[in-house]
Amino acid sequence: MRFYRTAIATLSLWTCATLADSLPKEWLDQARALGYEAASSNIAYSVVESLTTEVGPRLAGTEAEALARDWAIAELTTLGFDTVAVEPFEVPLWERHIERGRIIAPAEQPLVLVGLGGSASTGDEGVRGAILRVESPEALQALPDGSAKGKIVFVDQVMGRTQDGAGYGAAVRKRRETGEQAYRLGAVGALIRSVGTSGHRFAHTGQMRRAGTSDLPVVPTAAVSGADADQLGRLLDRYDAVEVELVLTSEYLPAAQSGNVIAEIKGRTRPDEVVIIGAHLDSWDLGTGALDDGAGVGVVVAAAKALMDAMPEGPERTLRLVLFGAEEVGLIGAKAYAEAHQAELEKIVLAFESDFGAGDIWRLDHGVADEALPLIESMTTVLAPWGVIPGKPGATGGPDISVLAQAGVPVITPLQNGWDYFDYHHTPDDTFDKLERHSLDQNVGVYAAILSIALREGVFFK
Ligand SMILES: [Zn+2]
């Protein structure tokens with residue numbers, strides 16, 4: 001970024017040589033010590049417990065999300081941050097009401113399903129139709145207009161289980177597009193196989209492209225559990241016609257208030273240079289958002305607190321904690337943040353976030369300038385005792401931070417093990433009991449160690 005390229009140009013040769021040779025050993029030792037200290041605190045665990053118990057589910061734009069902001073302000077103020085504030089913005093509000101479905105032919109059977117956020121409503125009378133099954137969003141898109149008249153489209157694409165969650169991107173396309181594609185085909189409703197890997201009979205919700213955000217309206221759309229998708233598949237293999245009934249009632253409400261909660265530890269010698277760590281405060285409405293993203297909130301709050309305790313005189317740079325609102329419904333808080341802070345984006349030296357559950361961090365990916373690669377190497381060296389291996393370039397920093405990355409902010413992604421994350425993601429089963437205490441502690445240690453390095457002066461990203 002311009003600001004730092006200028007700064008680098010004015011630095012002495014000594015500093016450039018130091019960057020190339022990696023950081024002073026003393027800094028690395030201090031970072032590791034801070035990480036160990038942070039990992040032994042109870043803060044992350046108790047923060048997630050408090051948020052998920054006292055607030056519970058917190059859908060963007062609802063009173064519950066407002067309560068979560070109040071909770072965050074109280075929590076962060078008590079922990080001793082220099083400033084704590086809310087930056088409000090508006091979000092479209094959608095509310096689910098009755099959701100049920102059943103197979104009505106060849107024989108009656110119940111379906112476990114959940115409406116997708118932004119779905120149209122069937123009305124109380126529901127809709128009925130024969131299933132038209134396709135294997136992917138691409139296959140759905142290839143069908144001609146009007147070719148599913150009166151039917152219920154079913155996109156039966158399986159999401160693979162991986163450590164890095166690589167299957168999620170493709171699966172999200174299915175969730176986003178099916179409702180409007182089904183409208184184009186003339187269908188009365190649509191189902192998708194849940195975006196998830198659960199072997200249990202839970203359906204996974206999530207945001208679809210809502211009516212009014214593209215040229216196409218949407219039909220009532222729900223996700224069925226993996227087990228129900230399998231069952232529909234077996235029936236379709238055996239019978240010519242499989243019919244289902246869907247009752248999905250929901251409502252678009254007037255735009256409502258959401259907000260980002262922002263807390264800072266002011267920098268002592270370079271207060272204008274900012275390191276951002278983020279997580280999101282909102283959650284889906286089914287579980288209590290313990291993994292998505294209560295865990296992230298706990299990790300970043302605990303890491304920041306550890307840093308505060310270790311440096312009572314303050315870090316060199318400013319640490320800014322951003323608890324985003326309205327992530328689940330389309331990164332609305334992240335977009336509001338980037339817009340409100342456009343003028344100072346070039347002063348953000350590094351941004352990263354925790355929003356992938358509570359699994360161990362195992363790799364450090366990066367999206368920084370080449371000049372900063374020795375620094376990333378040093379960070380990885382520090383993180384080795386926690387089992388973190390060197391990562392790849394091209395990181396986007398996570399969902400909310402990706403908006404900043406697109407605007408040119410340097411980012412890293414401390415990649416977590418997401419092997420079982422999509423078993424729980426966006427289901428009623430995303431609850432506090434799923435947290436592994438030792439993994440949460442490992443995350444806090446890694447975040448604190450990274451912060452210890454990133455908040456030093458004399459370290460330059462792009
Ligand atoms: Zn999330």
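How do the residues of the lining of the largest pocket divide into nonpolar, polar and charged? I took this as my opening entry, working from a predicted model.

**Entry 1: the largest pocket**

I looked up the lining and found that it divides into 16 nonpolar, 15 polar and 13 charged residues. The lining is made up of 44 residues. I noted the ones that lie nearest the centre of the pocket: Tyr 168, Glu 327, Leu 331, Gly 398 and Pro 399. For the volume of this pocket I wrote down about 1,200 Å³.

Next I asked which elements give two or more residues to the lining. Helix H7 gives the largest share, 5 residues.

**Entry 2: helices H3 and H11**

Two packed helices are described by the angle between their axes and the distance between the axes. I looked up both values for helix H3 (residues 25-39) and helix H11 (residues 373-383). The angle is about 45 degrees, and the axes are 9 Å apart.

I then went to the contact itself. On the H3 side I found Leu 28, Ala 31 and Arg 32. On the H11 side I found Ser 378, Thr 381 and Val 382. The residues of this contact divide into 3 nonpolar, 2 polar and 1 charged.

**Entry 3: the backbone**

Most residues other than glycine have a negative phi, and most peptide bonds are trans. I looked up some exceptions.

The peptide bond from Ala 105 to Pro 106 is cis, and its omega is near 10 degrees. I placed Pro 106 in the loop that runs between strand E1 (83-105) and strand E2 (109-111).

I also found a cis peptide bond from Asp 292 to Asp 293, with omega near 5 degrees. Where does Asp 293 lie? I found Asp 293 in helix H9, which covers residues 290-310.

My last item was Ala 326, which is not a glycine but has a positive phi of about 55 degrees. Ala 326 sits in the loop between strand E10 (317-324) and helix H10.

How values were computed: Residues are numbered from 1 along each chain as its sequence is written. This is a predicted model: local features need pLDDT of at least 70, side-chain atom pairs count only at pLDDT 80 or more; totals for chains, interfaces and linings use all residues. Side-chain values use heavy atoms; hydrogens and water are left out. Axes are lines fitted to C-alpha atoms, for helices over the stretch in contact, and angles run from 0 to 180 degrees between N-to-C directions. Helices (H or I, at least four residues) and strands (E, at least two) are DSSP runs, numbered from the N terminus. Contact means heavy atoms within 4.5 Å. Ala, Val, Leu, Ile, Met, Phe, Trp, Tyr, Cys and Pro count as nonpolar, Asp, Glu, Lys and Arg as charged, and the others, Gly among them, as polar. On a 1 Å grid over the protein atoms alone, a cavity is a set of points where a 1.4 Å probe fits but cannot get out, and a pocket is an open set with protein on both sides within 12 Å along at least five of seven lines; lining residues have an atom within 4 Å of a point. Grid points are joined across faces, edges and corners, and a volume is the space filled by probe spheres set on the points.
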